[in-house]
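Subject: Structure handover

Hi,

Here is the structure I promised to pass on. Please open it and keep it beside you while you read.

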Amino acid sequence: MSTKIFISGRFYDKEDAKISVFDHGLLYGDGVFEGIRSYGGKVFRLPEHLDRLWYSAKAILLEIPMTKDDMGKAIYEALAVNKITDGYIRVVVTRGAGTLGLDPNRCSNPQVIIIADRIQLYPQELYEKGLEIVTVSVLRNHPAALSPRIKSLNYLNNILAKIEGLKAGCIEALMLNHKGEVAECTGDNIFLVRGGRIITPPLDAGILEGITRDAVIDIARASGREVQEIAITKHDVYVADECFLTGTAAEVVPVVKVDSRPIGDGAPGPITCELMKRFHEATRQ
Ligand code: PXG
C-alpha cells in the first residue's frame, strides 16, 4: 500500500502528493512546520505542538486555513489510514502559490501537508555509550533577524551548522548565539548537570522552545530535581558533570564528548540515565 499524504483536506498517494512550484514555501522557505511523535497510537503532547505551530504561523503573519481541532483530527486520520501507531508526523503549512516576487499578500492558498511515517530511530548504541558533538562556527540566527522561536521552513541556519558538524564527524552540532552563549544544537535542545542541578539555556538565548525540552523539565521537576533556565557558556559545558540533548526524534540522548573533551567521566551520567528512563516510561506507559 502506498503511503497516503494529507494535502489541504484530501489524502493522496505519495506519488501524487504534489504542490505548486510557485508555492512560497518552496521559493522562499515561507512557511512553518512541526515534527511530532506518536507512541502506541497516541500523539505526544499534541496540544503543545499545535500551539507552537499556531504561534510560529502568527509570527510570520500566516493564517492556518483550518482549526486546531480539525488539524488534530487530520493528524490522527493520517496515522490511521497509514496504519501507524508508533511513528513520526510532519506537519507543514506553506504560504501557498504566489508570484515570483516576495510579496506574501499575492499568495492566496496556504497549503497544509501532513506526512505520517515510521520513525528512523538513532542507533541504540548512542543511548548506551553517548554522543560526541562539536561546537560549530555557524552562529544561531540573531533573534532580532529571524527568531529561533519560529519553527519556519527556512532551516538553512541549522543545515549549515549540521554540515560543519558532519564534516567534523559528528551527527549533531552545538550552536552558540550572537552573544557567544550556548544556544542549542541543530535539531535538539541542550541540558547540563552540575552538582546535581539541571541547567538549560533560557528562551532568550535564542532557541526553539522544544516540546521535549518542556517535557523533560516537567519530568525532572516532578521527580524532585531542580531545573534552572540560565545562560550557559562553553566553559560550563566543558566542566559539566553530565550533558544531554532533547528532541522529538532523539528523545533524551547522552552527550559524552564536546570538542574532543570528555564530559564528566566520559560516560552517560546517572541523572541523564534516570531522565532517559523516566521519559521512556512517560511515553510508553
Ligand atoms: N531545536 C531546534 C532548532 C529544533 O529544530 C529542537 C530544538 C527540539 O524540539 P522538539 O520540539 O522536537 O523537542 C528542534 C526540533 C527531526 C527534526 O526530524 C526535528 C526538528 C527539525 C527538523 C527535523 O527530528 N526540530
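This is a predicted model: local features need pLDDT of at least 70, side-chain atom pairs count only at pLDDT 80 or more; totals for chains, interfaces and linings use all residues.

The largest pocket has a volume of about 840 Å³. It is lined by 34 residues, and Tyr-88, Arg-90, Lys-151, Gly-187 and Ala-249 are the closest to its centre. Several elements give two or more residues to this lining, among them strand E3 (31–39), strand E5 (87–94) and helix H6 (211–222). Helix H5 gives the largest share, with 3 residues. What is the lining made of: nonpolar, polar or charged residues? It has 12 nonpolar, 12 polar and 10 charged residues.

**The ligand.** There are 20 residues around the ligand. Lys-151, Tyr-155, Glu-184, Thr-212 and Thr-248 are the closest. Tyr-88 has a polar side-chain atom 3.0 Å from an oxygen atom of the ligand. For Thr-212, the distance from a polar side-chain atom to a ligand oxygen atom is 2.6 Å. For Thr-248, it is 2.5 Å.

**Helix H6.** This helix has 12 residues. From first C-alpha to last it reaches 16 Å, close to the 16 Å expected at 1.5 Å a residue. Its buried residues are Ile-211, Thr-212, Arg-213, Ala-215, Val-216, Ile-217, Ile-219 and Ala-220. An α-helix has 3.6 residues a turn, so residues three or four places apart point the same way. Gly-224 follows H6, and its phi is positive, near 90°.

Best wishes

Note on methods
Residues are numbered from 1 along each chain as its sequence is written. Side-chain values use heavy atoms; hydrogens and water are left out. On a 1 Å grid over the protein atoms alone, a cavity is a set of points where a 1.4 Å probe fits but cannot get out, and a pocket is an open set with protein on both sides within 12 Å along at least five of seven lines; lining residues have an atom within 4 Å of a point. Grid points are joined across faces, edges and corners, and a volume is the space filled by probe spheres set on the points. Helices (H or I, at least four residues) and strands (E, at least two) are DSSP runs, numbered from the N terminus. Ala, Val, Leu, Ile, Met, Phe, Trp, Tyr, Cys and Pro count as nonpolar, Asp, Glu, Lys and Arg as charged, and the others, Gly among them, as polar. The expected span of a helix is 1.5 Å times one less than its number of residues. Buried means under 20% relative accessible area, exposed over 50%, partly exposed in between (1.4 Å probe, protein chains only). A residue is near a molecule or strand if one of its heavy atoms lies within 4 Å of it. A polar contact is a pair of N or O atoms within 3.5 Å; within protein, one must be able to donate a hydrogen and the other to accept it, and residues adjacent in sequence count only if both atoms are side-chain atoms.
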